[in-house]
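Let's take a walk through a protein model together.

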Amino acid sequence: MVDFSGSVDGVQHDYIEFKVDNGQWEFGTDLPELEVGSQDWSFSWDSTTVSDGSTRISFRMVNESGVKTDDVRRTFDVDNMPAAPDFAFAGVVEIQDEVGLPVLSAVAGSILTVKFTIENVGDLDADDVYIKLIAPGDNSDIYPSDVTLSNLDDGDSVQVTLYWWATEVGTHTVTISIDPSSNYNDPNPEDNSYSFSFGVEERPEEPTLRFMQGAYQTNPLIPTPGEKYTLMVRVDNLGQNDATGLTLTLYAKIESDGWTEIEQDSILVIPGSDSSSGYDEASFKVPSNLSIYGGTDFRVVMSGDGVDTEYSELRFTVVVNNVAIDSQVRLNLLSGESVIDFVGMEDGGLLFTTVDGELHVRTVTESSSGAWSTLADVKLADSWAGELTAILRDDGLVHAAWTENILSDQGYFLSHVAMTSITNAGETTEKQTHMPALKLSEGRYWGLDMAKKGDRVVLAGYYRDIATGGSYNDLTSIFVLMSDTAHIESSWSSSNILSNIDIKPSQGDKLAIGLGEENMHILYQEIRDDVTGIDRVGLMYAHGQEWNPSWTFQYSVGDYASNAQLEVYQENDRDILAATWVEGFGGESKIAYVVTDNSWSAEEPDYIIASGITNMVMSSNGEETSIVYDEINAYGPMTRYGVLDLDNNHFALSNLIVEGFMTGYATTNSDSIILVSSSSGTLSFRTIVSLEDERLEAEEKSFLDSLLEPLPGDENTKALMLIITALLIASIFLYLVVSLRTSNRETEEKMLSATLVEDDDSVDIMVDIESDDEPSMAINLDSEELVVQSLVATIVDEPVVEEDSLAQTLEIKAESGQGNSRLERRMKRKKQRDLVEITENMMANLPPLPALDGQLPIAMPVTDAVLPSLPELPPIGDGLLPPLPGAMGVSIPQKEAKCSECSAKFTIKDLRLTKVECPICSSIVQL
């Protein structure tokens with residue numbers, strides 16, 4: 001039952017009547033008697049009397065005189081069934097071949113891609129919606145023929161991709177079924193399936209050899225400069241019969257020599273099949289002298305059975321760089337959460353996602369094990385309007401800008417541009433709002449992109465103004481917001497740099513901007529019909545100063561273009577532009593790339609085939625610019641990697657590195673992270689690790705870093721552990737030193753046989769007196785013949801040495817050289833003390849000076865008297881000088897020495913010697 005209520009104003013009130021759609025007027029309710037005025041009324045109506053759907057009900061009052069008021073009409077959606085999801089197909093179903101081309105038939109064994117859109121037109125959300133493709137053929141683990149949607153809310157639609165391995169020949173009925181088990185009680189199950197006919201043709205009987213898209217790979221996936229690597233080339237046989245005796249020759253393009261043969265390889269047989277393609281791979285070893293940073297051009301020429309000259313050659317480029325691919329790490333998101341963008345930071349990055357119409361940001365960090373994981377989750381907007389861009393500023397924060405819907409005081413939904421700054425921990429600054437708020441029916445902001453140079457941050461985007469100041473002329477322009485202090489809302493200024501752009505949001509995607517020394521540069525889309533007269537989405541280039549409106553320089557650079565990327569760098573203070581974009585669709589899509597100057601003087605871009613490309617990102621970490629994109633080739637969805645060689649102003653594209661579609665790509669401080677999605681929708685991270693930074697870190701690693709590296713924990717924990725360990729080792733070492741010194745002191749005290757006590761500076765001396773029983777020897781060194789005579793002396797019992805004569809004994813031992821150095825030092829100090837004591841005693845006992853009784857003698861006066869002259873010196877002759885007076889008869893100085901080992905005595909004439917060698921036993925004798 002449905003209750004209706006209202007108020008009525010009139011005279012002679014009688015009753016209310018109503019009418020459903022175009023039916024008869026029916027009685028509703030009586031009105032209390034009232035001559036004139038207003039009163040309320042209400043009544044109930046059974047909605048089951050009509051079918052579900054839109055129903056119009058009219059109301060009017062009849063007075064006592066039969067006069068009827070004008071009817072009031074209201075339209076209602078009648079739904080008498082319980083709330084349930086209602087699934088339906090929207091649009092058309094498209095069938096594509098392996099390279100993404102739409103096809104109406106295919107040969108047996110083809111992997112066909114089936115794309116379609118479904119929507120939930122019911123009044124209840126649905127989770128885990130199962131969808132299956134049913135057709136004759138085989139199942140594939142890589143190319144799934146079924147999928148489960150995590151959620152499909154009421155009113156939402158989603159594009160679905162399934163695969164069909166068409167291995168059976170004939171015309172088949174292909175059916176796509178939504179919720180085949182009827183788990184959701186769909187009120188209209190008849191529109192839950194869609195069927196179409198498709199023909200599968202027989203393969204040719206003769207061998208048919210082809211180089212398919214993506215037919216080459218390297219090992220390692222990204223070779224390292226200066227090291228050998230392996231190159232594998234795949235050949236497919238599309239025929240039913242086997243192909244035999246194939247020879248493949250590898251050539252490399254060398255700058256000085258042109259195309260040079262590197263190596264040959266043979267394939268004995270490639271099997272054929274009536275339902276699938278057989279294939280085999282040739283392997284080549286690339287020498288280290290061809291492993292040079294950047295790109296090296298190769299071509300492979302095939303000859304043999306079944307080779308068609310039109311398909312006998314394959315050309316490609318291999319990228320060499322100081323990086324390596326790390327292991328895969330799976331990313332788990334919430335049910336219904338999808339990735340929008342990924343921005344790298346110094347350590348980790350930020351992952352922007354959307355769920356239930358909200359905009360979220362997640363922090364992505366690298367764990368101690370090297371795996372990447374998501375941590376903090378911060379909600380940025382409750383009602384996201386579908387546009388987002390973000391960039392890493394020089395201060396280490398990520399500046400993000402997005403479009404957001406807000407509810408005005410009058411109840412209108414308005415859209416504006418919001419901004420915030422985000423740290424690597426997920427902390428955000430106060431949200432800023434820019435650009436005039438637009439009603440959803442009167443305009444839109446879209447296609448946002450940001451660039452920076454130093455402290456300056458610039459945001460650009462399309463501004464579609466449908467109201468146009470009340471004139472309702474649909475005009476689209478490109479606006480620019482700029483600031484040198486991005487975190488301050490009032491510092492942002494705006495200007496419109498281009499006007500009257502012929503493009504709509506449904507026709508184009510985001511623009512690309514870059515800041516240089518000379519200008520700001522923009523790649524944007526616009527419908528063009530020049531030259532060919534055919535309307536198409538073209539890519540345009542413009543440049544100017546960001547603060548100046550109405551730029552004048554514009555140039556057409558591409559057709560059927562999308563996904564533009566732009567990087568600007570300097571060479572000799574001039575702006576150099578590196579630009580890439582996608583041209584074409586499906587199997588015909590290709591990547592255009594060009595390096596040019598400020599005036600876009602390049603005549604034509606270069607191209608590389610990228611069949612089925614869905615995403616492309618060009619990113620720079622300040623030192624190197626890399627390009628990552630995906631495609632569909634012989635191995636399924638694959639992601640490729642390339643670089644921009646800044647030294648040579650040349651792109652090098654590209655190597656197969658990861659299986660799956662590229663969803664996001666970002667550069668961190670030294671590494672890069674790729675977010676890839678498999679054919680089944682599984683998300684995972686793959687890290688491109690910089691080997692050059694690891695080598696540099698190993699070379700510059702200090703001794704302290706080497707000690708800290710194996711310790712667990714962060715840097716502070718490692719340093720604390722090292723300090724504690726050092727203190728423990730120092731304590732143990734100090735304990736050992738003290739213990740050894742104490743032990744040595746105790747041993748020395750036990751070995752002392754006597755103690756010399758003279759004063760406070762007493763010395764303990766260890767004495768070992770030996771008796772000398774050897775006969776004394778006398779040696780006459782002045783004689784012509786050496787005579788040694790033994791002098792036998794009478795042995796007399798020596799008296800017992802008293803304790804007070806120990807000093808004399810030690811002195812004799814020191815003088816004879818039998819004591820150690822310690823004894824000599826102590827005896828020397830003793831002699832010094834004795835000398836000081838004797839001197840003090842002598843000074844104290846000096847006799848007093850005699851008293852002076854008279855005057856001091858007077859000095860002789862100086863006179864001018866002449867002294868007597870000295871006698872003349874004798875003349876100098878050649879004879880010898882006369883001897884000195886008194887020197888006659890004086891003996892030559894000499895001294896006697898005695899050997900303590902053999903008791904030999906001998907005379908020493910050189911008094912300067914302190915020790916000599918004994919002529920008898922060769923012992924050293926101290927003098």
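What follows goes from the whole chain to a sheet, a loop, some rings and a few cysteines.

This is a predicted model, in which local features need pLDDT of at least 70 and side-chain atom pairs count only at pLDDT 80 or more, while totals for chains, interfaces and linings use all residues. Residues are numbered from 1 along each chain as its sequence is written, and side-chain values use heavy atoms, with hydrogens and water left out.

Start with the big picture. The chain has five helices and 58 strands; both are DSSP runs numbered from the N terminus, with helices (H or I) of at least four residues and strands (E) of at least two. Of its 927 residues, 40% count as buried, where buried means under 20% relative accessible area, exposed means over 50% and partly exposed is in between, using a 1.4 Å probe and protein chains only. Now think about contacts, meaning heavy atoms within 4.5 Å. Among the contacts in the chain with a separation of 6 or more, 54% are between residues 24 or more positions apart.

Next, find an open sheet of five strands, ordered E8-E14-E13-E10-E11 and with mixed pairing. Two strands pair here if DSSP finds at least two bridges between them. Which strands stand at the edges? They are E8 (105-107) and E11 (146-152), and each has a single partner strand, so one side of each is left without a neighbour in the sheet. On average, neighbouring strands of this sheet are turned by 25° against each other, direction ignored; the axes behind such angles are lines fitted to C-alpha atoms, for helices over the stretch in contact, and angles run from 0 to 180 degrees between N-to-C directions. Strand E8 runs parallel to E14 (residues 193-201), and three bridges join the two. Look for Ala 106, whose bridge partner in E14 is Val 200.

Now hop over to Ser 47, in the loop between strand E4 (36-45) and strand E5 (53-63). Is Ser 47 buried or exposed? With a relative accessible area of 11%, Ser 47 is buried. Leaving aside neighbours within four places in sequence, Ser 47 is in contact with Val 2, Val 78 and Asn 80.

Time for some rings. A pair of aromatic rings is described by the distance of the centres and the angle of the planes. Rings of Phe, Tyr and Trp (its six-membered ring) pair if their centres lie within 6.5 Å, and planes under 30 degrees apart count as stacked, over 60 as edge-to-face and the rest as tilted. The whole structure has 25 aromatic pairs. One of them, Phe 342 with Phe 685, is tilted, at 5.7 Å centre to centre and 40° between the planes. This pair links distant parts of the chain, with Phe 342 in strand E24 (residues 338-344) and Phe 685 in strand E50 (residues 683-690), 343 residues apart. Phe 342 is buried at 3% relative accessible area, and Phe 685 counts as buried at 1%.

Finally, check the cysteines. A disulfide is a pair of cysteine sulfur atoms within 2.5 Å, and the structure holds zero of them. Take Cys 899: the closest cysteine sulfur is in Cys 921, 3.5 Å away, so the two are too far apart for a bond. Cys 899 is buried, with a relative accessible area of 1%.
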